[in-house]
Amino acid sequence: MTAITVDIINKSYPAAGQACLHRAIADLKLSLPSNEFICLVGPSGCGKTTLLNIIAGLDRDYSGEITVEQQHKAPKIGYVFQNPRLLPWRTVRENITLTLPSDYDPKTVDALLETMQLTQAQHVYPERLSLGMSRRVSIIRAFAVDPDVLLMDEPFVSLDAPTARQVRELLIGLWQQRPHTVLFVTHDLREAIALADRLIFLSSPPMQALSEIRVDIPRNIRDDETAIEAFRQKLLQDHPEIRALL
Ligand code: ADP
Ligand code: MG
C-alpha cells in the first residue's frame, strides 16, 4: 500500500537580495510505500527540510499535491525536528503527553519510555538531559501520537558516534515493535544504510529524485560496520550519479 504520494510541481523561495525566485523543488514525484523505513539522502541545502515541511502541512506555499494515506479523519503526522524542541518548564513525561488526547493510555507512554531507556528520567526537566536523551524524548513524543507518517529531519546530526549508534538501535527497536511509515532525512550514507528499507537520493536544487535503492541487508546484522561499508562501496560503484551528492 502507498502511504504518501508526493507530486510537487514547484516550490520557490524569494532569492536573498534579488527580485527573482530561488527554485527549491521542481517536478518531484515520489510514491512511498506503507510501513517502510525510508531514508532521504541528499546534500546540504538540496531541499530536504523544505520537503518534510510540505509533507507535514507546515508549508502550503507550493504548487502540486501531497496525499497521505490515513487511518484517522485527518492524517496524523509525527515530526522529529533537527533540534529536539523540548519545553524547558515541562518534565520529560509532560513533554511527551502534552500533545496527546485527554483519553490517552498512560501504559503506552510507560512502554515507550521503557523501550527508549528513559523510565528513570521521566520526571526530570530537559536541562538535566544529555543531547542523546533529549533526542530520545523527541522520538517518543512523535511515536506517542501513533502517526500515519513519521518525519525525522537529521535527528542525530550533532551526536557523537557511539551515542548516535545507540539511539539508532533504540529507534529501530521501537519501529519494529510499532511499524510506521518513516521518512528519515540524512546526508550520512552509512547512517542511511544502517536504518533504511529503501534509500531515495535527492539532487541539488531544484531538488529531484535521482535514484531509489532497496537495502537488503538483514536487520539482525545492521550493526555490522563491515556489512554497511560493503553495501556502501557497491552502491557507489553501481550508481556513480550518487557520488556527486555526498
Ligand atoms: P536542506 O534541508 O536539504 O539542507 P532546505 O530545505 O533547508 O535544505 O533548503 C533548500 C533551499 O531553499 C536552500 O537553498 C535554502 O537556502 C533555501 N531556503 C530554505 N528555507 C528558506 C527560506 N525560508 N527562505 C529562503 N530560502 C530558503
Ligand atoms: Mg535541513
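## R168 and its helix

R168 sits in helix α5, which covers residues 161–177. Helices here are DSSP runs of H or I with at least four residues, strands are runs of E with at least two, and both are numbered from the N terminus. This is a predicted model, in which local features need pLDDT of at least 70 and side-chain atom pairs count only at pLDDT 80 or more, while totals for chains, interfaces and linings use all residues. Residues are numbered from 1 along each chain as its sequence is written, chains are lettered from A and ligands numbered from 1 in the order in which they are written, and side-chain values use heavy atoms, with hydrogens and water left out.

Is R168 buried or exposed? R168 counts as buried because its relative accessibility is 19%; the cut-offs are under 20% relative accessible area for buried, over 50% for exposed and partly exposed in between, using a 1.4 Å probe and protein chains only. Setting aside neighbours within four places in sequence, R168 is in contact with F156, E191, A194 and L195. Contact means heavy atoms within 4.5 Å.

## The chain as a whole

The C-alpha trace spans about 50 × 45 × 40 Å along its principal axes. For 246 residues, a compact globule would have a radius of gyration near 18 Å, and the chain agrees with its 18 Å. That radius is taken over C-alpha atoms, and the globule rule is 2.2 Å times the number of residues to the power 0.38.

Of the 246 residues, 50% count as buried. Among contacts between residues at least 6 apart in sequence, 70% join residues at least 24 apart. The chain exposes about 12100 Å², and carbon and sulfur atoms supply 50% of it. Accessible areas come from the Shrake-Rupley method with a 1.4 Å probe, and for residues only the protein chains shown count as cover.

## Around ligand 1

Which residues surround ligand 1? They are Y13, P14, H22, P43, S44, G45, C46, G47, K48, T49 and T50, where a residue belongs if one of its heavy atoms lies within 4 Å. By class, this shell has 4 nonpolar, 6 polar and 1 charged residues. Ala, Val, Leu, Ile, Met, Phe, Trp, Tyr, Cys and Pro count as nonpolar, Asp, Glu, Lys and Arg as charged, and the others, Gly among them, as polar.

Now for some atom pairs. A polar side-chain atom of Y13 is 3.5 Å from a nitrogen atom of ligand 1. A polar backbone atom of C46 lies 3.1 Å from an oxygen atom of the ligand, and a backbone N or O atom of K48 lies 2.8 Å from a ligand oxygen atom. The protein covers 59% of the 560 Å² of accessible area that ligand 1 has on its own.

## Spots in the loops

A cis peptide bond, with omega about -10°, joins P205 and P206, and P206 lies in the loop between β8 (198–202) and β9 (209–214). Q117 has a positive phi of about 55° although it is not a glycine. E154, also not a glycine, has a positive phi of about 40°; E154 is in the loop between β6 (149–153) and α5.

Finally, D103 is in the loop between α2 (92–97) and α3 (106–115). D103 is exposed, with a relative accessible area of 66%.

Conventions: Polar contact = N/O pair within 3.5 Å; in protein donor to acceptor, adjacent residues only side chain to side chain.
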